[in-house]
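Colleague: Could you walk me through this one slowly? I am still new to reading structures.

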Amino acid sequence: MTEALTAIADAQAMPAGGEQQQEAVNASEAPAAELENDSEVVEGDESDEDGEQQPVEPELVDVEYEGKVHKLPPELKDALLRTADYTRKTQEVAEQRKAIEAQKAEVDRAYQTSQEVIEARAIIHNVDSQLKQYEGVNWQQLENEDPMAAMSHWRQFQQLKEQRGKVAQYLDKTQAEMSEQLAQETDKRLRETRAFAEKEIPGWTPDVDVKIVSFAEKDLGFTREQLRNSLSPAVYKTLHLAMIGAEAIKRTTTPPKQQQQATQPLTKLTARANPPNAGLDDRLPQDEWLKRRNAQLAKKG
């Protein structure tokens, strides 16, 4: 009743045009109140019905792997990238090995198919066919039967043998020159690789070199001959990075060893192993100690 009378008094005291001003004020304040209500509703959405704050989902990051983008927790990003880098380095090593083997095969084919070598091999094949006709000839009997024919065949036989010897010598010399050239190129490559490793590989030592070679043989399938024929600064660096990547992946995927709990000594066993003396002993219970003390006093009395 009092509130109603107060409202009537305020209305009578309001000047002309006051109602319009009051309505304008109310209208201007309405949006602010609505915004407050909206904000309260939005804030309420972050809590559940009991008013408890919902747990925030971990932020995911985009990681590209094999042409696809995956959303992963940040802690898995580095592991995935190390795996991808190790895979890429391994593929590069395999491709380089194939390239070296293809180059060596091309050199071998070049030797075998060069025009001079082809002609020389054809001559040897022809000469061997003619020499085969003289196998099993009894030269003494032929000379007795026809001395002139025997002399002619003997001379031709010797000429064929001489011709074959010269052609074979040419082929052996060509092969030796190519082998020597290949050996020099291999030694040069190995020296360049050693100098590169000593200068560019951090912490390189001969022991590190042994580990890299062992990794290439056991994990990547290289043979010792393939390594010798394919090693170069670029290949060596790739092998080193691949080994580091493999070790990092192994550390990531290997669970830590659980520490074994120390075995606690058994008090009862210790007590049995070291029993109290027959006389007084501080380790005795109080009742037993008094009992033995009284027995001693009784004996003395």
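Modeller: We can go through a core, a cavity, a pocket and one serine in turn. This is a predicted model, where local features need pLDDT of at least 70 and side-chain atom pairs count only at pLDDT 80 or more, while totals for chains, interfaces and linings use all residues. Residues are numbered from 1 along each chain as its sequence is written, and side-chain values use heavy atoms, with hydrogens and water left out.

Colleague: Okay, how many residues are in the largest nonpolar core?

Modeller: There are 19 residues in it, and F222, Y236 and L239 have the most contacts inside. A nonpolar core here is a set of buried Ala, Val, Leu, Ile, Met, Phe, Trp, Tyr and Cys residues joined through side-chain atoms within 4.5 Å, where buried means under 20% relative accessible area, with a 1.4 Å probe and protein chains only.

Colleague: And which element gives the most to this core?

Modeller: That is α9, with 6 residues; helices such as this are DSSP runs of H or I, at least four residues, numbered from the N terminus.

Colleague: What does L239 touch?

Modeller: Leaving aside neighbours within four places in sequence, L239 is in contact (heavy atoms within 4.5 Å) with V93, I212, F215, A216, L220, F222, L227 and L231.

Colleague: Switching topic, which residues line the largest cavity?

Modeller: The lining consists of I212, V213, A216, L227, L231, Y236 and L239, and by class it has 7 nonpolar, no polar and no charged residues. On a 1 Å grid over the protein atoms alone, a cavity is a set of points where a 1.4 Å probe fits but cannot get out, whereas a pocket is an open set with protein on both sides within 12 Å along at least five of seven lines, and lining residues have an atom within 4 Å of a point.

Colleague: What about the second largest pocket, which residues lie nearest its centre?

Modeller: Of the 13 residues lining that pocket, L190, D209, V213, L231 and Y236 lie nearest its centre. The lining has 8 nonpolar, 1 polar and 4 charged residues, and α6 (147–200) gives the most to it, with 4 residues.

Colleague: Last one: is S232 buried or exposed?

Modeller: S232 counts as buried, because its relative accessible area is 18%. This serine is found in the loop between α8 (224–230) and α9 (233–253), and, leaving aside neighbours within four places in sequence, S232 is in contact with R189 and T193.

Technical notes. Helices (H or I, at least four residues) and strands (E, at least two) are DSSP runs, numbered from the N terminus. Buried means under 20% relative accessible area, exposed over 50%, partly exposed in between (1.4 Å probe, protein chains only). Ala, Val, Leu, Ile, Met, Phe, Trp, Tyr, Cys and Pro count as nonpolar, Asp, Glu, Lys and Arg as charged, and the others, Gly among them, as polar.
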